[in-house]
Amino acid sequence: MTEELEYVPGRFIVNRIVRPRLTCACCERFVQAPLPTRPIERGRPGPGLLAHVLASKYADHLPLYRQSQIFEREGIDLDRSTLADWVGKTTALLEPLSEAIGRHVLSAEAIFVDDTPVQMLAPGTGKTQTARLWTYARDERPWGGDAPPAAWYRFSGDRKGQHPKDHLARFRGWMHADGYAGFEDLYRSGAIREVACMAHVRRKFVDIHRSQASPIAEEAIARIAQLYAVEKEARGSPPDPRAQLRRAHAAPVFDDLEVWLAMQLTTISGKSPLAAAIRYALTRMERLRPYLDHGILELDNNAAERAMRAIALGRKNYLFFGSEAGGKTAAIAYTLIETAKLNAIDPHAWLADTIARIPDYRITKVDDLLPWRWNG
């Protein structure tokens, strides 16, 4: 017997909703069954089609104009503006779920934070301006936590520090982040405690080694690798054993690295890129030290950086957002899709089912629709 793998393009189905009108012979009143609740009132798309458009754009990075062309090949005339309207209305419908994911993320003891630039069309100019998408991630799998992983995205028209301050107004705990100066206000009250990122430190030495073949940079990379070797051994263990392992094996390496970097700084030109990398490392290591004593913390901020990959891929295809509303729409969509992916849930299948159910769902029970509670 020979088996062959074949592909059949997706099908479009027209569902007809028939509602007979009946007349009462006694009172001469007309009676008609109510129209079932639909995701978009007086709209044509079914839940599966709306889920397909969302997943295609935000999970598979297909701009709406390309989706329109694909539909046209199937004999379906769906203009890009129509698809954009559907995306906006669907994400508005799903926004309570995005907010529920945000509450889940901010209830963690430790979160991961990052931001990335995106282009937005500047009103009335015909040009684009640089806006930002922020991510706030929760991932307790490295230390065996029971909480589901999640990523919450927010959009802003600029990179002012007030935005993360507003986003994190309810958060209390540890925050893994890079050295963005706009975060400094968050740490002053003590409610949010900073954890720096070793990946950012290492990256600077890697860049210098690649461009200059610096032996000092190579040595720094090798020493940092020893810290990651300890993390590989600690991964998956509960917080207390992780902290014990770090204190026993990572702390001596960490201390030696700090002393060694300070010593190297006295042997090279203070104006060199290598000196700048060392000064940055010394500043960040001081703020990274808490990870040695707390098993719920990580050596780097890679959980947030991984959450940004989808945006990096998407912006190469759709290039810019048409407005702040479009940026907010994207933030909601990314929150839903990336959180589903983190929980090994098929975003399209979950979205199709959720879009069908949420119009009639009680807002107080919306947490029941979160991706990690979906039965498929």
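1. Contact here means heavy atoms within 4.5 Å. Keep that cut-off in mind for the helix packing below. You are looking at a predicted model, in which local features need pLDDT of at least 70, side-chain atom pairs count only at pLDDT 80 or more, and totals for chains, interfaces and linings use all residues. Residues are numbered from 1 along each chain as its sequence is written, and side-chain values use heavy atoms, with hydrogens and water left out.

2. Let's begin with the whole chain. It has 13 helices and seven strands; helices (H or I, at least four residues) and strands (E, at least two) are DSSP runs, numbered from the N terminus. The C-alpha trace spans about 100 × 60 × 45 Å along its principal axes. Of the 376 residues, 46% are buried, where buried means under 20% relative accessible area, exposed means over 50%, and partly exposed is in between (1.4 Å probe, protein chains only).

3. Among contacts with a separation of 6 or more, 64% are between residues 24 or more positions apart. The chain's accessible surface comes to about 20,000 Å², and carbon and sulfur atoms account for 51% of that area. Accessible areas come from the Shrake-Rupley method with a 1.4 Å probe, and for residues only the protein chains shown count as cover.

4. Now find helix H8, residues 239-265. Where is the kink in H8? A kink of about 50° lies at Ala250, shortly before the proline Pro252; the bend at a residue is the angle between axes fitted to the seven residues ending there and the seven starting there. Ala250 is also one of the buried residues of H8, which include Leu245, Val253, Phe254 and Trp260. The buried residues of H8 pack against helix H6 (198-212), helix H7 (215-234) and H9.

5. Met198 is found in helix H6 and is buried, with a relative accessible area of 0%. Not counting residues up to four places away in sequence, Met198 touches Ile224, Leu227, Tyr228, Phe254, Met285, Leu288, Leu299 and Asp300. Met198 and Leu297 are 99 residues apart in sequence, yet their C-alpha atoms are 12 Å apart in space.

6. On to the aromatic rings. Rings of Phe, Tyr and Trp (its six-membered ring) pair if their centres lie within 6.5 Å; planes under 30 degrees apart count as stacked, over 60 as edge-to-face and the rest as tilted. By this rule there are nine aromatic pairs. One of them joins Tyr180 and Phe183 edge-to-face, with 5.0 Å from centre to centre and 85° between the planes. Tyr180 is buried at 13% relative accessible area, and Phe183 is buried at 0%.

7. Which kind of pair do Phe254 and Tyr291 form? Their ring centres are 6.2 Å apart and their planes are at 55°, so the pair is tilted. Phe254 lies in H8 and Tyr291 in the loop between helix H9 (273-288) and helix H10 (302-307), so the pair ties together parts that are 37 residues apart in sequence. Both Phe254 and Tyr291 are buried. Elsewhere, ring pairs link Tyr58, Tyr153 and Tyr334 into a cluster.

8. Some rings have a charge over them: NZ of Lys or CZ of Arg is within 6 Å of the ring centre and within 35 degrees of the ring normal. The charged end of Arg159 sits over the ring of Tyr180, 3.9 Å from its centre. Likewise, the charged end of Arg193 sits over the ring of Trp174, 4.3 Å from its centre.

9. Last come the salt bridges, in which a side-chain nitrogen of Lys or Arg is within 4 Å of a carboxyl oxygen of Asp or Glu. The structure holds 23 salt bridges. Arg287 and Glu184 meet in one of them, at 2.8 Å from N to O. Arg287 lies in helix H9 and Glu184 in helix H5 (residues 184-188), so this pair ties together parts that are 103 residues apart in sequence. Arg287 is partly exposed at 28% relative accessible area, and Glu184 is partly exposed at 24%.

10. Glu194 and Arg284 form another salt bridge, with their closest N and O atoms 2.7 Å apart. This pair links strand S7 (residues 192-195), which holds Glu194, to helix H9, which holds Arg284, 90 residues away. Both Glu194 and Arg284 are buried. Glu184, Glu194, Arg284 and Arg287 are linked in a network of salt bridges.
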